[in-house]
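Dear colleague,

Please find below the structure that I am passing on to you.

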Amino acid sequence: MIEVVDLRKRYRKTTAVDGLTFKVGDGRITGFLGPNGAGKTTTLRILLGLVHPTSGKATIDGRLYRRLDEPMRRVGAVLEATDFHPKRSGRNHLRTLAAAAGVPEPRVDELLDFVGLGNVARRAVGGYSLGMCQRLSVAGALLGDPALLVLDEPANGLDPEGIRWLRDVLRSFAGEGKTVFISSHVLAEMQQLADEVVIIHHGKLVTHEPVEQLTARAAGGTRVRSPQAELLRETLAREGIEAIVDGDTLATAAPPERVGEGAAANGIVLHELTTEAASLEEVFLELTAEGGIE
Amino acid sequence: MSRLFRAELLKIRTVRTFLWLTLGEIAVVLITVISVAASAGEIKTAEDDRGVAQIAGAALVLALIGGVIVMAGEARYGTITQTLLVTPVRERVLLVKVAVAALIGLALAVLAEALVLLVTIPGASLDFQNARLVLLGILLGAPLAGALGVGLGAVVHAQGRAIGISLAWLLIGESLAPVISDSAAKYTPGRAFGALASGERTAEDLLGMTAGGVAAATWAAVFVAAGLLAFLGRDL
């Protein structure tokens, strides 16, 4: 379990993380969202022991990263996709990590094939595209067969096929009951992938809840298709519910229970009654708009 | 610890930086020693023997640069984050890098001395007995210089800047030191290592070989300690 408790990080005059507290449970895919400069990368780097917090703490299974035994076998991390020696081959990069972590060398070739870099494994990383570097980062993260993956913008530089590949990798990883904590700007992707999201802004927690709950709660509207849409609008208006009709479609901010009950009580035929869920992107923009956070 | 040591050696073997460093040393030592041997003819005095053997002292400078690269090279390419994700205990990482840099220093010293001896014993009648203390001093000094380089690389963090500072100190700082204090100048890093590689038990403008060795080891320890403090406190 990842636990962040009252975490703060100040760089001279800038506060990157400001009293952040949240927990990420095991066996779930948790998205970590926030605008640029929200403090996501700083938080992840504190979690991984690369940045020192000003106060508070971030732990994995109740321990600081540097206190973990065999950290690579517990946590796999994908950070900057450019953190490679340009003259070293992808295979040799992984071999150095494997040697330090005590991972057998055949695992290196196995992972290079898995991430689709088997045919360029002996080429210097300087000749790799950003997407190939991301794949190499993912291979490095999986080297120790960890139970937790921490990823900072892993979709950067990936083409649509690469993004789909990454989604499949992470889903398959989580399908084994393992945990993924992933920061990303690709909100549509996160909506498809994540079970829950932690949203931060200006270093503070905005919300932490399941994606479905967040999008449904943020919208709270209902869309109805009915051959008697105008009659339904008049019925709802008598109950103080405003609605807009467009042909046979009616849209209202009222919850579906009230609309359905109103229609049934007046014998109005419905062909469709659905909750209008907002996209994660809409919710995210609403929650992180300037002045939108207490 | 041994896993990390093997990984650090693998890092060195899988890029060409240290190959270039070695080739650079071979070129510098061979050109110098051949030109000295050719121009001086026979080496006649014990002082001549020591002077020729000191050509292998190039290994001290190259070991220093090697140490800087071992540490700051990782910062330059960002690979230090990967290193710390596998081994998050920074003290351990730095100490292993010190050991690796010391080993590189020793290897560079052995190579430089072998080149000097191979050319000068048959070509210019170098007396090994007269040169042996110089050679011993270089063998002891190069690992210390490598360790000092790691400390400097950890303090300065930027590889190019750290190498620039080292060379500027050796070329300019060491020359200016006697102007500030003649007696204190004997204890500067360059002169301490110079004394260790002098092969002389006492000298006028340098410490004796033993005292020079102690001063060089102290400088290496100070830089490693400062590097450790900087490395422990740095956000990456």
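**Sheet and helices of chain A**

Helix H6 of chain A, residues 160-175, lies across strands E3, E6 and E7 of that chain and runs at about 145 degrees to E7(A). Please bear in mind that this is a predicted model. Helix H1 of chain A (residues 40-47) also lies across E3 (29-33), E6 and E7 (179-183), as well as E8 (196-201), and its direction is at about 145 degrees to E6(A).

These strands belong to an open sheet of six in chain A, with the order E5-E6-E7-E3-E8-E9 and mixed pairing. E5 (75-78) and E9 (204-210) of chain A are the edge strands; each has a single partner strand, so one side of each has no neighbour in the sheet. From one strand to the next, the twist averages 15 degrees.

**Domains of chain A**

The domain assignment divides chain A into domain 1, covering 2-215, and domain 2, covering 220-278. Their C-alpha centres are 44 Å apart.

**A helix pair in chain B**

In chain B, the axes of helix H4 (residues 58-77) and helix H8 (residues 159-180) come within 8 Å and cross at roughly 155 degrees. Because angles over 145 degrees count as roughly antiparallel, H4(B) is described as roughly antiparallel to H8(B). Their crossing is right-handed.

The residues that H4(B) brings to this contact are B:Val61, B:Leu64, B:Ile65, B:Val68, B:Ile69, B:Ala72, B:Gly73, B:Ala75 and B:Arg76. By class, the contact between the two helices comprises 10 nonpolar, three polar and one charged residues.

**Where the chains meet**

How many residues of each chain are in contact with the other? There are 22 in chain B, touching 28 in chain A. On the chain B side, helix H1 (2-13) and helix H5 (79-86) each supply at least two of the residues involved. This side of chain B has 11 nonpolar, six polar and five charged residues.

With kind regards

Methods
Residues are numbered from 1 along each chain as its sequence is written. Chains are lettered from A and ligands numbered from 1 in the order in which they are written. This is a predicted model: local features need pLDDT of at least 70, side-chain atom pairs count only at pLDDT 80 or more; totals for chains, interfaces and linings use all residues. Axes are lines fitted to C-alpha atoms, for helices over the stretch in contact, and angles run from 0 to 180 degrees between N-to-C directions. Helices (H or I, at least four residues) and strands (E, at least two) are DSSP runs, numbered from the N terminus. Angles under 35 degrees count as roughly parallel, over 145 as roughly antiparallel, 65 to 115 as roughly perpendicular and the rest as oblique. A crossing is left-handed if the near helix is turned anticlockwise from the far one by less than a right angle, and right-handed if clockwise. Two residues are in contact if their C-beta atoms, placed from the backbone, lie within 7 Å. Ala, Val, Leu, Ile, Met, Phe, Trp, Tyr, Cys and Pro count as nonpolar, Asp, Glu, Lys and Arg as charged, and the others, Gly among them, as polar. Domain bounds come from an automatic or database domain assignment. Two strands pair if DSSP finds at least two bridges between them.
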